[in-house]
Amino acid sequence: MGGNTLSIVEFDELPSPAHFFSHVESKSIPAVFHGCVKHWKCFSKWNPCKGGLDYLQERAGSSIVEAMLSRTAPVFYGDLRSHERVPLLFSVFVSSCKKLRSSDNGSGVSVEQEVVGVTEPTLEEETCLPSTSSLHQVYLAQVPIVNLENKEKSQLEILREDIQMPKILKAKTLTSINLWMNNAKSRSSTHYDPDHNLLCVVAGCKQGLLPNSPLIAICYFSISVVLWPPSAVSSLYPMPIYSEASNHSCVDLEKPDLSTHSRAQNSMMYSQKVTLQAGDALFIPEGWLHQVDSDDVTIAVNFWWRSSIMTSLPEHMDAYYLRTILRRLVKTEMDQMLYQTSISIENSGHEDSCQVDDGQGQHEHNLEKNSYSEQTQGTIKNKRITIQQMDTVSLQAFHQLVSLVHDGVNIASQSEQLQSTPIEDECKKDVHPNSFCLEDDPVAKVISALEPLQLQNVLLGMVHNFPRTLEALILQMLSPASAEVLTRKFDEIDQLTSQGNRDEFYQAVYGVFDDQFAAMNAVLNGKESFARQAFKNVLDKYLGVNFDGQKLMQNIVRNQMSCLCL
């Protein structure tokens, strides 16, 4: 979650527009504003416990609204496959609220006053709902009161005068104001909105009976909202980006299938929960995932508006920003792929293991750099690294790598008559072709556990003592994970050595190979394969898309070769 920086902030009153923008909206953090709706007309006029349903029925009962009919009620999923939109008179839905409240009272007496002389229509009489549909399967979701994106008259525009514009929104360009109303307990599916959202709990009540007083009802009301930051979307398995409900989670709220959605078992680690009472408002920034539980007969109004980022984003820059953001997500995923496994290495007793890019160990790097500078007055080219000169850790790693190479490619004799392997045959003899984590690859584990200059000494030791083993290590033993770790170590070596020593080091290492380009290709191919796997993980986690990139690339190459043959 990034510490407390993403925690929900709470206000006892609405802040100034400037304070809201600089401290809340611009930082994209949720905020609760307690009691900010209590002075609105609708707070008292729409209250179901004070005749509010009668008021709504008289005021807007003749309006035709679109209701959500769910086959999974009381859970209402956003996917069109789980619900359908049906037209009905607003008065019919209000009547259903009255009937359900009356039946829940237990005494047979409705707390809501009946309108004298009015005969309530049934749900089936006034709608196209099948007769088997029960009242609790219907929900009013996102019914427009004001719709600035659509110039047509909104369905419940007559209720606009009961709603006051919050002062923090007066300078905003709203896209819509909507009504949300349910007649029984309900749960929304986990989803995010493409716009900023101010959810205002207007009114509602849940009936309960006081002891020994069956005709007296008490009213209380709340909405519970669970929120996740956009960075936690991977644990909630978003629907594919190309689906019509791409902003919704695939995870079943009632019975999550952890065999299919294994990351969901950790989703609550990143969540925050807030309980809203009637009169409260919640700011939900764009992209924040949320899931709402509502009590019986709840009424809320929400305001949507575009963020300043999206408003100022020119369309001709979309492709660039898409590539930039994807690249950043891929880099983060690559770090996580290595970091998750480096923890296991630490716990396995390798006290000298080096975590990748964790910001630690810099003191040891500096000490080693000073020691290396004192020992290396001459050039690398003229300095022969003998096995006896290595420290204990480097010597152990040296023997491990030599042993792994000999076992992996089965070098027949001590004379090391191994010839350079063409890059085209690499995939046929690669010992760990699909290894993307340290724990699965002993070569990557050995390289990762070394300090940068220890690795430099180990490689130079192989140059001077076992050059063909080094050649086999690079051409045949590098998995995607080990190639990624090796290049990161090379970057660290570059930071600790002078330009002259760097050039001589790489000349010495690559000079071992009959085909230096084949060696560089082996390293780069492995590194790009690691990045490609990270990219596939990003598509799966954040876009809900799965594809076999390797097969795709093979098909592209095959098609190109066919064209060349023609």
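**Strand pairing and burial in the predicted model**

Strand β12 (residues 223-228) and β13 pair in the antiparallel sense, with five bridges between them, where pairing requires that DSSP finds at least two bridges between two strands and where strands (E, at least two residues) and helices (H or I, at least four residues) are DSSP runs numbered from the N terminus. Within this pair, Ile223 has Leu276 of β13 as its bridge partner. The structure is a predicted model, in which local features need pLDDT of at least 70 and side-chain atom pairs count only at pLDDT 80 or more, whereas totals for chains, interfaces and linings use all residues. Residues are numbered from 1 along each chain as its sequence is written, and side-chain values use heavy atoms, with hydrogens and water left out.

Both strands belong to an open sheet of five strands with mixed pairing, ordered β4-β8-β15-β12-β13. Because β4 (75-76) and β13 (272-276) stand at its edges with a single partner strand each, one side of each is left without a neighbour in the sheet.

Strand β16 (residues 298-305) is joined by eight bridges to the antiparallel strand β7 (residues 174-182), and Met181 stands opposite Ile299 of β16. Eight of the eight residues of β16 are buried, so the strand is largely enclosed by the rest of the structure; buried denotes under 20% relative accessible area, exposed over 50% and partly exposed in between (1.4 Å probe, protein chains only). Thr298, Ala300, Asn302 and Trp304 cover one side, and Ile299, Val301, Phe303 and Trp305 the other, all of them buried.

Helix α14 (residues 480-496) is likewise largely enclosed by the rest of the structure, since 14 of its 17 residues are buried.
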